[in-house]
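This note is intended for a colleague who is opening the structure for the first time. It is set out as numbered points that may be read beside the display.

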Amino acid sequence: SVTFAATNVQLTPLDDLPSVRDADMKGRVSGRTATVTIGQGSVSTPAGRKMSVSDVMFEVPDLVPKPAPARVRFKVEGPVPAAAEILKSDRLSDIDSSMIDPNASKGTVAAIVTLNMPLKNALTKEDTRYSVNVDLGALAVDKLAMNQKLEANSLKVIADNQGVRVKGDVKIAGQPAALDYRKNADGDADIRLSATLDDASRARLGVDLGSAVSGVIPIKLTGKIGEGDHESRFGVEADLTAARIDNLLPGWTKLSGKASKMTFNVVKKPQGTRFEDIVVEGNGTSIKGTLEVDQNNDVVSASFPTFAPSEGDKASLKADRAQDGTLKVVMRGDVFDGRGFIKGSMSGKDADTKNKQKAIDMDVDAKLGAVA
């Protein structure tokens, strides 16, 4: 049985991780076990950022097997940029090396880290099993969620070899939201988000529809965030009751306070966004179909087999943007209330409209049994 104590120790737990310095260390070795503990130490990253390390325990529960199993457990505290730099190390890169940029983040972090690996000279990434439980405070990270700035007073992160899980109340693009983010080590990220979006926050998120939509809209979003060339797909539920709709689609108008609900799937591509399986119901409206917009949120194409923006309508609508920019609209049906369409297309806008709606050249081909 051997016991020892040391001060001013430098400890390198794994080759690809920063060393713990200025540590006080105690150890005990018996015939079959070994345990080393460190009460306090510090870590300096290659870029000069510092973190404190405490409650370090390195143990080998049984020295007989070859290679012998070993376990490291420690607590680390410090600024978020320093932790982000450590996470970008080769040893922990499975977590997601691009998740947090050390140069575009701030806040504090307190984490419990556990590593399990065999005692052998050539230690590979596959040999290391890790678990990281992180508490984040006053967090601000640029371009983290859907390429938007994420902020949180308090956030919980759990990471291991399978991936990363983030859950808590946050702000995305300045808007409060409840976030549940799961990123598998070998796949795209799953995200669940509940938020209430006003005009300004929709614009920051790249869904600025001008004066066609105004007001507060609660949403629930579920889907996958694709990396690289992978598409991002989301399912969205939106409560339009408090929103004002002004010819978002031809003839679809709605005053604020009229109950209405909208569900759709979003497919984000570099060249634009496709809204699939759109269903709008409430206040006499029934609209079902698909819509595609370009990077500037201008309509590229639309197909609505069911197009009833007003109660009693029985019609369908298809639209495609021609090369000259004209939106060619084809409408067919038995009954259609054309008052909203005529008013929205040919009359002046309200004087108090804050955002000027983009003028649209429209070529309408309509065959309808009866028009109001």
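The points below pass from the chain as a whole to its sheets, its core and its aromatic rings.

1. Basis of the note. The model is predicted, and local features need pLDDT of at least 70, side-chain atom pairs count only at pLDDT 80 or more, while totals for chains, interfaces and linings use all residues. Residues are numbered from 1 along each chain as its sequence is written, and side-chain values use heavy atoms, with hydrogens and water left out.

2. The chain overall. The protein chain has three helices and 23 strands (DSSP runs numbered from the N terminus: H or I of at least four residues for helices, E of at least two for strands). Of its 372 residues, 42% count as buried (under 20% relative accessible area, with exposed over 50% and partly exposed in between; 1.4 Å probe, protein chains only). The protein chain exposes about 19,600 Å², of which carbon and sulfur atoms supply 50% (Shrake-Rupley method, 1.4 Å probe). Among contacts with a separation of 6 or more, 43% involve residues 24 or more positions apart (contact means heavy atoms within 4.5 Å).

3. Strand β9 (residues 163-172) runs antiparallel to strand β10 (residues 175-184), and ten bridges join them (two strands pair if DSSP finds at least two bridges between them). Arg165 stands opposite Arg182 in β10. The hairpin of β9 and β10 has two residues between the strands, and in it Ala173 takes a positive phi near 55 degrees. Strand β10 also pairs in the antiparallel sense with strand β11 (residues 189-197), over seven bridges. Here Ala178 stands opposite Ser194 in β11, and the hairpin joining β10 to β11 passes through four residues.

4. A three-stranded sheet. An open sheet has the order β12-β15-β16, with antiparallel pairing. Its edge strands, β12 (213-214) and β16 (253-254), each pair on one side only. Strand β15 (residues 244-246) and β16 are paired over two bridges, and Ile245 stands opposite Lys254 in β16.

5. Glu276. This residue lies in strand β18 (residues 272-282). The side chains of Glu276 and Arg274 are joined by a polar contact of 3.1 Å (a pair of N or O atoms within 3.5 Å; within protein, one must be able to donate a hydrogen and the other to accept it, and residues adjacent in sequence count only if both atoms are side-chain atoms). Beyond its neighbours within four places in sequence, Glu276 is in contact with residues including Arg233, Phe264 and Thr290.

6. The nonpolar core. The largest nonpolar core has 82 residues, and Leu291 and Phe304 have the most contacts inside it (a set of buried Ala, Val, Leu, Ile, Met, Phe, Trp, Tyr and Cys residues joined through side-chain atoms within 4.5 Å). Strand β7 (residues 129-145) gives the most to this core, with six residues.

7. Aromatic rings. The structure holds three aromatic pairs (rings of Phe, Tyr and Trp, the last by its six-membered ring, with centres within 6.5 Å; planes under 30 degrees apart are stacked, over 60 edge-to-face and the rest tilted). The rings of Phe304 and Phe307 have centres 6.2 Å apart and planes at 45 degrees, so this pair is tilted. The rings of Phe307 and Phe336 have centres 6.1 Å apart and planes at 20 degrees, so that pair is stacked. Phe307 lies in strand β20 (residues 299-308) and Phe336 in strand β22 (residues 327-336), so the pair ties together parts 29 residues apart in sequence. Phe307 is buried at 0% relative accessibility, and Phe336 is buried with a relative accessible area of 3%.
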